[in-house]
Amino acid sequence: MHAKNILTVLTLTATAAALAACADPTTNTDTQGTDSKDSTATNAAHTSYDVSAIPTVDEIAALVPEDIKKRGTLRNGASTGYAPAEYMDADGQTPIGYDIDINKALAKVMGLHEGETKHSEFPTIIPALGTKFDVGISSFTITSEREHQVNMVSYLNVGSAWGVAAGNPKNFDPSEPCGSTVAVQTGTAQEEYAATLSKECVAAGKSKITVMPHELQTDIATKLIGGQYDATLADSTVIGYASSQSAGKIEQLGDTFESAPQGVAIAKDDAQLTEAIQKSMQYLMDNGYLKDILATYGADNAALTTADLNPHVD
């Protein structure tokens, strides 16, 4: 493993108090607003990966499109409510997480001044590629549908997992989810999966699953702990991190399932940038940087070793 510097700072993770001032992200309703008196605040140590030692690779830098070279910035769009992949620091303004660090690392390999991440609601990121954003690094599960829309370069393999309040007070049963209320992030593979499960429940003559979509996964934690939802469905890395940051008030229920690769999204017509991103990601993999970045967030087991372009998925 190569040498690296890790900068550790103390950040405040408030599962409700900080969010109570924000508009409720639930689709088409504000009836699920959170009262600050239900807040559960925990102090959490945030660790960021220092990318300064990652070198520029000249042959890869030569592939970068001229407009991006002149700008000197690799612009990433991410929905910053999905810790530990992408979320906001205690100031509420600074995106942090392993996807943010990965974007910075890609920029270093490509000879750019910086990798910049700006928050965008999850469903709006892909349509903005090639205009507002150069890349979308925001826990995008690679699906055949997305591969028809954009180019995708794989870098992680992540499964889904159920999360519940500690002790499972709602007695949620993953093998029998019909009739339950499940929170998911809007536009994710888990939202689609929960919708499919609900249809199967109805087809079997059982009660539907009430699927509650939120723009930010972090907003779900408060309501889950507070008893408004039976469970949440998210990436296994997200559930694990939510558990640690909530001091065990959220726990994973059952095994990880539906493992699938995640990828960097790039505009379909930008073959030059796609090649630069693919080769940069492969460099990060080959030289241990990707795994080191993920290890900073306890997610190193999710690292892939080959940066495939538009891999075959079911």
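1. Which residue just after helix 8 takes a positive phi? Ala247 does, with a phi of about 55°. Helices here are DSSP runs of H or I with at least four residues, strands are runs of E with at least two, and both are numbered from the N terminus. Helix 8 covers residues 236–245, and its buried residues are Ser236, Thr237, Val238, Ile239, Tyr241 and Gln245. Buried means under 20% relative accessible area, with a 1.4 Å probe and protein chains only.

2. The model is predicted: local features need pLDDT of at least 70, side-chain atom pairs count only at pLDDT 80 or more, and totals for chains, interfaces and linings use all residues. Residues are numbered from 1 along each chain as its sequence is written, and side-chain values use heavy atoms, with hydrogens and water left out.

3. The whole structure holds 2 cavities of 30 Å³ or more. A cavity is a set of points, on a 1 Å grid over the protein atoms alone, where a 1.4 Å probe fits but cannot get out; lining residues have an atom within 4 Å of a point. Volume is the space filled by probe spheres set on the points, which are joined across faces, edges and corners.

4. The largest cavity has about 60 Å³ of space. Its lining consists of Tyr82, Phe122, Ser138, Ser139, Thr141, Arg146, Gln185, Thr188, Ala189, Gln190 and Asp235.

5. By class, the lining of the largest cavity has 3 nonpolar, 6 polar and 2 charged residues. Ala, Val, Leu, Ile, Met, Phe, Trp, Tyr, Cys and Pro count as nonpolar, Asp, Glu, Lys and Arg as charged, and the others, Gly among them, as polar.

6. The second largest cavity has about 40 Å³ of space. Val164, Ala165, Asn168, Pro169, Lys170, Leu224, Gly227, Tyr229 and Asp230 line the second largest cavity, giving 5 nonpolar, 2 polar and 2 charged residues.

7. Strand 10 (residues 181–185) pairs with strand 11 (residues 210–214) in the parallel sense over 5 bridges; pairing requires at least two DSSP bridges between the strands. Val184 stands opposite Pro213 in strand 11.

Key: Buried means under 20% relative accessible area, exposed over 50%, partly exposed in between (1.4 Å probe, protein chains only). On a 1 Å grid over the protein atoms alone, a cavity is a set of points where a 1.4 Å probe fits but cannot get out, and a pocket is an open set with protein on both sides within 12 Å along at least five of seven lines; lining residues have an atom within 4 Å of a point.
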